[in-house]
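Q: Could you help me learn to read a few features of a structure? I would like the general idea, then the case at hand.

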Amino acid sequence: MGKKKVVILMVISLLVGAIGSYAGFQLKLNISQTKQLEEMGGSQQLASDLEKMNAAYQLIYKNYVEEVDAHKLTEGAIQGMLTTLNDDYSVYMDESTAKQFSETLDSSFEGIGAEVSLVDGKIIIVSPVKNSPAEQAGLKPNDQIIKIDDESVEGFNLLQATLKIKGKKGTKVKLTIMREGLQNPLEIEIVRAEIPHITVNSEVIMHDNDKVGYVEITSFATDTAKEFKIALKDLEEQGMDSLLIDVRNNPGGLLKVVDEILEELVTKDKPYVQIEQRNGERMMNFSPLEEKKSYPIGVLIDKGSASASEILAAALKEAGDYPLIGTQTFGKGTVQQPVPMGDGSNIKLTLYKWLTPDGNWIHKKGVAPTYEVKQSELYETHPIQVEKTLKTDMNNDQVKNAQFILKSLGYAPGREDGYYSAATATAVRAFQHAAGLTANGQIDEKTAESLEKEVIKQRNNQDNDMQLQTGLRIMANQ
C-alpha cells in the first residue's frame, strides 16, 4: 500500500486477545545487577553514561525553576530511551497499563472490540473483532482515528488514545475517523460492552457433498490452543474430509499458543518458525508430529491477519505445503516480551525477529496467498452520515455512499455519482418496503440505520463471503 505500517504491541481493554506475537521465552532481568548491566555494553562506557544520566537527573530535580516530580522524571527517561529505538513495538507500560495488558488475555474484557495500531504515527484500526460493538458500529481495518469524543488525537501516543477509548460496558464513545475513498470524516458512536474472549469457533460446512471442517481463530490468547484442540478433535470425530482455518482479521497473540497449534498440524520435517536473535543466531522450533494429517488443510487470510496469524499461515504454507486463500497479510515479523521493572510496570521490548520455515522475513511485506481472492463490494461500504434527510435532486458524498450501499445489496440506484435521481428514490423505496419502513424514497436516520444493519447481516451470510466460498471449493476438490 506504500505506507509504513506498524502495530503497537500493546493490549488494553478495548482489544481482544493480544496484538502481535510475544516471546515464548523468559528473559530474566534484574536492573540492580551490575554484571548484567556490564553485559549490555562496555562497562566503562556504561558507567560513564549512567553517571551522566544521574547528573542530568539531579540537575533537573534540584534546580529546575519549578518543583519536579521525581517519579515523572524517571518515567520520562525510560520513555526517552525507548523513543531513540525508533521502534513503535517497544513500549513502556506503567503499572496501570501493564495490569490492563494482562487482563485482556483473560476470559473476557470490557471495551469496543477492536485492535488499535500505528500507521506512520497515525492511530488506526487494524481489525474489529467479529460481532463486537466496533464491527456492529461499522469500523473497518485501516480506519484512522482523528478524534475521540470530539477531542483531536493529534500529538497523542497510542497509550493516551487507547486509554481514552476504553471504558465500562454500557457507556458510549464517539470516534471520528478518516477512511480511504471518503473525502469527509465519519462520526461513529459505539456503546462499550463486555467482549467474551472465546477465540475459537468451529462447525462442519457441507460443500459438494464433502464435510469441510471450518475453524475460525479470532486471536491467540491463553486458552486458544486448548479451544483449538477440542474443536479439531470434535471435527475429526464428525468425519470431516478437509480442514479450513480462518485467521482473517486476527491480530495475533501469544507465540507459545501458536506453537501448540502448529504442533498439531505440521510435521517435524521442517521448522515451523525460526527465531533470530540480535547476533544472527537462530532458534528453530520443530513439531514432534511424525506424519501429516490424513485430510487436506487450507487457511483464510487477509490484511487484518497479523503477527501470530502470519506465523501460522506461513508455517502451513511453507512447512505443510497447504494453500492460503484471501489477500496479503499485515506484515509484522518481530517478537516482543514484557519485562517486569519491579514496581508493577514493564517494558515491552522487541527481542527477536521471526522467520518463516524457509527463512523469509515477512516484516512490512506480509504473507502472500496461494489463491488471491478479494471480497465483493458488500465489504467496502461505509455507514451513511445523515445530518439532514437525503432526498431527490440532492448531490453529495452521502448520496453517493447510499447509492453504493444500495447497489451492494442488490438494489439498482440508477447512478452512483452522488446525484439523488428518481431511480435512486425508487431503489430506496424498494429497500424500505422490504425492511418494513415507510416507503417514501428518502433516507433519514432510521433508513440509514436499517441499511447499515442489512449490510452487516449480509456480510455475516456465508454465501456472500467470496473468500470463504473459494476456500470451501478448494478444500472440497482436494
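A: Happy to. Helices (H or I, at least four residues) and strands (E, at least two) are DSSP runs numbered from the N terminus, and contact means heavy atoms within 4.5 Å. Here, the buried residues of helix 10 pack against helix 11 (422-435) and helix 12 (445-459). This is a predicted model, in which local features need pLDDT of at least 70, side-chain atom pairs count only at pLDDT 80 or more, and totals for chains, interfaces and linings use all residues. Residues are numbered from 1 along each chain as its sequence is written, and side-chain values use heavy atoms, leaving out hydrogens and water.

Q: Which residues of helix 10 are buried?

A: Buried means under 20% relative accessible area, exposed over 50%, partly exposed in between (1.4 Å probe, protein chains only). In helix 10, the buried residues include Val399, Ala402, Ile405 and Leu406.

Q: Is Ser132 buried or exposed?

A: Ser132 counts as buried because its relative accessibility is 2%. Ser132 sits in the loop between strand 6 (122-128) and helix 5 (133-137). Leaving aside residues up to four places away in sequence, Ser132 touches Ile112 and Gly113.

Q: At what angle do helix 2 and helix 3 cross?

A: Axes are lines fitted to C-alpha atoms, for helices over the stretch in contact, with angles from 0 to 180 degrees between N-to-C directions. The axes of helix 2 (residues 43-63) and helix 3 (residues 70-83) cross at roughly 140° and come within 11 Å. At the meeting of the two, Met53, Tyr57, Ile60 and Tyr61 of helix 2 face Ala70, Leu73, Thr74 and Met81 of helix 3.
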